[in-house]
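Thanks for coming. I will talk about pockets today, so please look at the model first.

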Amino acid sequence: MSEEFLFTVAAQDGAARSGEVRMPRGVIRTPAFMPVGTAATVKAMYPDQVKALGADVVLGNTYHLMLRPTAERIAKLGGLHAFMNWPYPILTDSGGFQVMSLAGLRKLDQDGVTFQSHIDGSTHRLTPERSIEIQGLLGSDIQMQLDECVKLPNTDEAVEKAMRLSLRWAERCRIAFGEQPGRAMFGIVQGGANEALRVESAKELVQLDLKGYAIGGLAVGEPQDVMLAMIETVEPHLPAAKPRYLMGVGTPDDIVEAVRRGVDMFDCVMPTRAGRHGMAFTRAGRLNLKNAKYAEDPRPLDPGSKCEAATAYSRAYLHHLVRSNEILAMMLLTWNNLAYYQDLMAGLRRAIREKRLEDFVAETKEGWAKGAADDGAEPVGDGGAVE
């Protein structure tokens, strides 16, 4: 353990890096996938299960927790780590993405955003300072700046306006965060699909000398090639000695391609949300267990997995659970999906250390393609999470 926030790169293969983020609550092995624990829980999972699968850090959601049960109540109860029985690192987002997605329920100005709760319609105010205050009350180890995230595609004018507002808010968040030994605040690069705006955003944020840098405003409707082009645009302008976090991404293929381009950290609701809707991620691609073709299929989900959910239950049984809307279906498929994601990250880390990343990527994609050809599985990189 480290009393300070430290990031080291231990190995590289091309632009890809493998390393560690060290902090008082534990070590985050990178590249890392952070399961999303929106409301102080990774849905359908026990905390010890999440850790046993290889997760070193989970993500909490400022917007949801500030509304219910409130940050003040969580602080009174000992902080988010104690509240959710997760003694390891926690990253919290700023609440900005959720607030910006409320559309008609919010009003944005230069100082912050006023919005109505989706729960009870009550009015709340979120400013850069308040976002950092809430994340501090939660006891978050890695805190994100408040930013404005716009959907893509969008006009350059709208994207530039949001990017410049996000830069001003980043500076205010940095001041509000101050010095918190062992904790970190990350800035968020914005700029939509505009290369010049992305570069300007990155350069300005680097001047704030933050502990880490995120790439935000992607996986919001743009094609994968646009997302990857923006990563390639931004990466040279981010410090090699600081972690890079691609927010809200994504499919296994998105993650593999982003790791190849030098990204260290990821989060996404996809594996958990897909698991609650009958979708399983496997080495042979995605399986939609709702499909009738699995009704008499005796095979396990993924015989190559070390996860019991993937090996001890037949596809026929899982199909039955899904079609019957049984809670166990959500639990088993979420368990399988998070196991797959963590196994993928472990494989990427190992391949980078062994200087065989391109071989690993080719083998992984060959498995997805073979599953799609032989078994009618769905490719893993062809869309978003199942709602």
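**Pockets and their linings**

Strand 5 (58-61), helix 5 (96-100), helix 9 (224-234) and helix 11 (270-275) each put at least two residues into the lining of the largest pocket. Helices (H or I, at least four residues) and strands (E, at least two) are DSSP runs, numbered from the N terminus. Helix 5 gives the most to this lining, with four residues.

This is a predicted model: local features need pLDDT of at least 70, side-chain atom pairs count only at pLDDT 80 or more, and totals for chains, interfaces and linings use all residues. Residues are numbered from 1 along each chain as its sequence is written, and side-chain values use heavy atoms, with hydrogens and water left out.

A pocket, on a 1 Å grid over the protein atoms alone, is an open set of points where a 1.4 Å probe fits, with protein on both sides within 12 Å along at least five of seven lines; lining residues have an atom within 4 Å of a point. Grid points are joined across faces, edges and corners, and a volume is the space filled by probe spheres set on the points.

The largest pocket has a volume of about 1300 Å³. It is lined by 50 residues, and Phe-97, Gln-98, Ala-219, Val-220 and Gly-248 are the closest to its centre.

The second largest pocket has a volume of about 290 Å³. Of its 14 lining residues, Arg-283, Asp-343, Leu-344, Phe-360 and Thr-364 are the closest to its centre. Which helix gives the most to this lining? Helix 14 does, with six residues. Helix 15 (357-375) also supplies at least two.
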